[in-house]
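Subject: Structure for your review

Dear colleague,

I am handing over the structure we spoke about, with the sequence alongside it. Please look through it before reading my notes.

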Amino acid sequence: DGWQEEGETDDEDFGAPAPKLRRTGSKGKLGGRKTRAAQRGGPKPLLQVLEEAGVDRLPPHVPSYFTARAGPSQYPAQKLCSVTGLEAKYFHPGRKARYHGAKQFAVIESTPTAALVAYKAALLG
């Protein structure tokens, strides 16, 4: 079956001693070696990399992480539930709030209007 004990020989080996079969190391260990990232102290945070590169000192016309701009999305805005954040299937016209289902409708109905107005104002900034 491919495994031989120490000192056994096959007929094809013509009396040559069989190699020792032993396990070296154990599973999951790197044998005391550290990975390259661990030797370097791990990866640097993005902010540190940007500061070291001097990206904040570039002229404004040069594209960088600090001067990046994005245009409007080509997709329509997502309609999310005001209570759970799930996809909103329904809209409450009196409260002007979107909701996912019957349980969320009950929460919106039980919430005072002043609280909903304050919540929406906080979301819009």
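The notes below go from the overall fold to single residues.

This is a predicted model, in which local features need pLDDT of at least 70 and side-chain atom pairs count only at pLDDT 80 or more, whereas totals for chains, interfaces and linings use all residues. Residues are numbered from 1 along each chain as its sequence is written, and side-chain values use heavy atoms, with hydrogens and water left out.

The chain has four helices and two strands, taken as DSSP runs numbered from the N terminus (helices are H or I with at least four residues, strands E with at least two), and their order along the sequence is α-α-β-β-α-α. Of the 125 residues in the chain, 13% are buried, where buried means under 20% relative accessible area, exposed over 50% and partly exposed in between (1.4 Å probe, protein chains only). The chain exposes about 11,200 Å², 56% of which comes from carbon and sulfur atoms; accessible areas come from the Shrake-Rupley method with a 1.4 Å probe, and for residues only the protein chains shown count as cover. Of the contacts (heavy atoms within 4.5 Å) between residues at least 6 apart in sequence, 7% join residues at least 24 apart.

The largest nonpolar core consists of five residues, namely Cys81, Ala97, Tyr99, Ile108 and Leu116; such a core is a set of buried Ala, Val, Leu, Ile, Met, Phe, Trp, Tyr and Cys residues joined through side-chain atoms within 4.5 Å. Leaving aside residues up to four places away in sequence, Ala97 touches Ser82, Tyr90, Phe91, His92, Ile108 and Lys120.

The count of salt bridges comes to one, a salt bridge being a side-chain nitrogen of Lys or Arg within 4 Å of a carboxyl oxygen of Asp or Glu. Lys44 forms this bridge with Glu52, and their closest N and O atoms are 2.9 Å apart. Lys44 is partly exposed, at a relative accessible area of 48%, and Glu52 is partly exposed, also at 48%.

Gln78 lies in the loop between H2 and strand E1 (90–92), and counts as exposed because its relative accessible area is 66%. Gln78 and Ala88 are ten residues apart in sequence, and their C-alpha atoms are 8.7 Å apart in space.

Val49 belongs to helix H2 (residues 46–53), and counts as partly exposed because its relative accessibility is 38%.

With best regards
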